[in-house]
Amino acid sequence: MIEFEDLVNKHSAEIFAYIWRMLRDTPDAEDCLQETFLRAYRAYVRLPMDANQRAWLYKIATNTART
């Protein structure tokens, strides 16, 4: 499993673009991205070693954007 900071660096631009397409508002998308990674950080220790981390982040981002 990669370090959380590396996960953020690797996927943040892609996840931001996804969130922005959902919300169509840059400040809201930035807030949602921050909340997505906060939620992911809190749950990271429970993520199985073989999990698809990218898909996991997309699921968190989707749920965060909907709330």
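Predicted model: local features only at pLDDT ≥ 70, side-chain atom pairs only at ≥ 80, totals over all residues.
1. Start with the charged pairs. The structure has two salt bridges. One joins the side chains of Glu14 and Arg54, with N to O at 2.5 Å. This pair ties together distant parts of the chain, since Glu14 belongs to helix 1 (residues 4–23) and Arg54 to helix 3 (residues 53–66), 40 residues apart.

2. How open are the two partners? Glu14 has 28% relative accessibility, so it counts as partly exposed. Arg54 comes out at 42%, and therefore also falls in the partly exposed class, which runs between 20% and 50%.

3. Glu35 pairs with Arg39, and their closest N and O atoms are 3.0 Å apart. Both residues sit in helix 2 (residues 26–43), four residues apart, or about one turn of the helix. Glu35, at 27% relative accessibility, is partly exposed, and Arg39, at 31%, is partly exposed as well.

4. Now for the packing of helix 1 on helix 3. Their axes come within 10 Å and cross at roughly 35 degrees, and the crossing is right-handed. From helix 1, the contact takes in Leu7, His11, Glu14, Ile15, Tyr18, Ile19, Met22 and Leu23. Helix 3 brings Gln53, Arg54, Trp56, Leu57, Tyr58, Ala61, Thr62 and Ala65. Sorted by class, the contact of helix 1 with helix 3 has 11 nonpolar, three polar and two charged residues. Glu14 and Arg54, the salt-bridge partners from point 1, are both part of this contact.

5. Helix 2 against helix 3 is another packing to look at. Here the angle is about 125 degrees and the axes are 9 Å apart. The crossing of helix 2 and helix 3 is right-handed.

6. Who makes that contact? On the helix 2 side there are Cys32, Glu35, Thr36, Phe37, Arg39, Ala40 and Ala43. They meet Trp56, Leu57, Ile60, Ala61, Asn63, Thr64 and Ala65 of helix 3. The contact of helix 2 with helix 3 contains nine nonpolar, three polar and two charged residues. Both Glu35 and Arg39, the pair from point 3, take part in it.

7. Is His11 buried or exposed? At 7% relative accessibility, His11 is buried, because the cut-off is under 20%. Leaving aside residues up to four places away in sequence, His11 touches Phe37, Arg54 and Leu57. Among these, Arg54 is the salt-bridge partner of Glu14, while Phe37 is listed in the contact of helix 2 with helix 3.

8. Last, a backbone point to check by eye. Arg24 has a positive phi of about 55 degrees, although it is not a glycine. For background, most residues other than glycine have a negative phi. Arg24 is found in the loop between helix 1 and helix 2. With 56% relative accessibility, Arg24 is over the 50% cut-off and so counts as exposed.

Key
Residues numbered from 1 in each chain as written. Heavy atoms only, no water. Salt bridge = Lys/Arg side-chain N within 4 Å of Asp/Glu carboxyl O. Helix = DSSP H or I, 4+ residues; strand = E, 2+ residues; numbered from the N terminus. Buried < 20%, exposed > 50% of the residue type's maximum accessible area, 1.4 Å probe, protein only. Axes fitted to C-alpha atoms, helices over the stretch in contact; angles between N-to-C directions. Left-handed = near helix turned anticlockwise from the far one by under 90°. Contact = heavy atoms within 4.5 Å. Nonpolar A, V, L, I, M, F, W, Y, C, P; charged D, E, K, R; others polar.
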